[in-house]
Amino acid sequence: MTQETTASWTAAEREAFAARRRSRNIALGLVLGALALLFFGITVVRMDPDLKKTAPASVAAQPAAQPAAQPAAQPLP
């Protein structure tokens, strides 16, 4: 059995191999860059102090619930 190496490839085969490798490397770089941006965005949103203070619009539009007035204590007979 002989093991094929890149040394036995023709110039066209080497060029085709390099083009495939280049395209895979570009795709992988774009995926890694997108993940880095996603993680950065999640980190920024989670660290935003104003985000925790704001309530959804539906909750903010409702008036705050008032505690019910307690009836006056009746003296025991």
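pLDDT is the predictor's confidence in each residue, from 0 to 100. Keep that in mind, as the structure above is a predicted model.

**Exercise 1. Find where confidence is lowest and where it is highest in the protein chain.**

Step 1: Now go helix by helix. Confidence is lowest in helix α3 (residues 57-61), with a mean of 59, and highest in α1, with 96.
Step 2: Take care when reading: where pLDDT is low, the predicted coordinates should not be read in detail.

**Exercise 2. Describe the order of elements in the protein chain.**

Step 1: Count them: there are three helices and zero strands.
Step 2: Walk from the N terminus, and the order reads α-α-α.

**Exercise 3. Classify the aromatic pair of W9 and F17.**

Step 1: The ring centres are 5.0 Å apart, and pairing requires centres within 6.5 Å.
Step 2: The planes make an angle of 65 degrees. Because angles over 60 count as edge-to-face, this pair is edge-to-face.
Step 3: Check F17 itself: its relative accessible area is 23%, so F17 is partly exposed.

**Exercise 4. Explore the surface of the protein chain.**

Step 1: Of the 77 residues, 1% are buried.
Step 2: The chain exposes about 7,600 Å², with 66% supplied by carbon and sulfur atoms.
Step 3: Look for a nonpolar patch on the surface: L28, V31, L32, L35, L38, F39 and I42 form one, with about 660 Å² of accessible area together.

Note on methods: Residues numbered from 1 in each chain as written. Predicted model: local features only at pLDDT ≥ 70, side-chain atom pairs only at ≥ 80, totals over all residues. Heavy atoms only, no water. Helix = DSSP H or I, 4+ residues; strand = E, 2+ residues; numbered from the N terminus. Buried < 20%, exposed > 50% of the residue type's maximum accessible area, 1.4 Å probe, protein only. Areas by Shrake-Rupley, 256 points an atom, 1.4 Å probe, with all protein chains shown as cover. Phe/Tyr/Trp six-rings, centres within 6.5 Å; stacked < 30°, edge-to-face > 60°. Patch = residues over 30% accessible without salt bridge, like charges linked within 9 Å, V, L, I, M, F, W, Y side chains within 5 Å. Salt bridge = Lys/Arg side-chain N within 4 Å of Asp/Glu carboxyl O.
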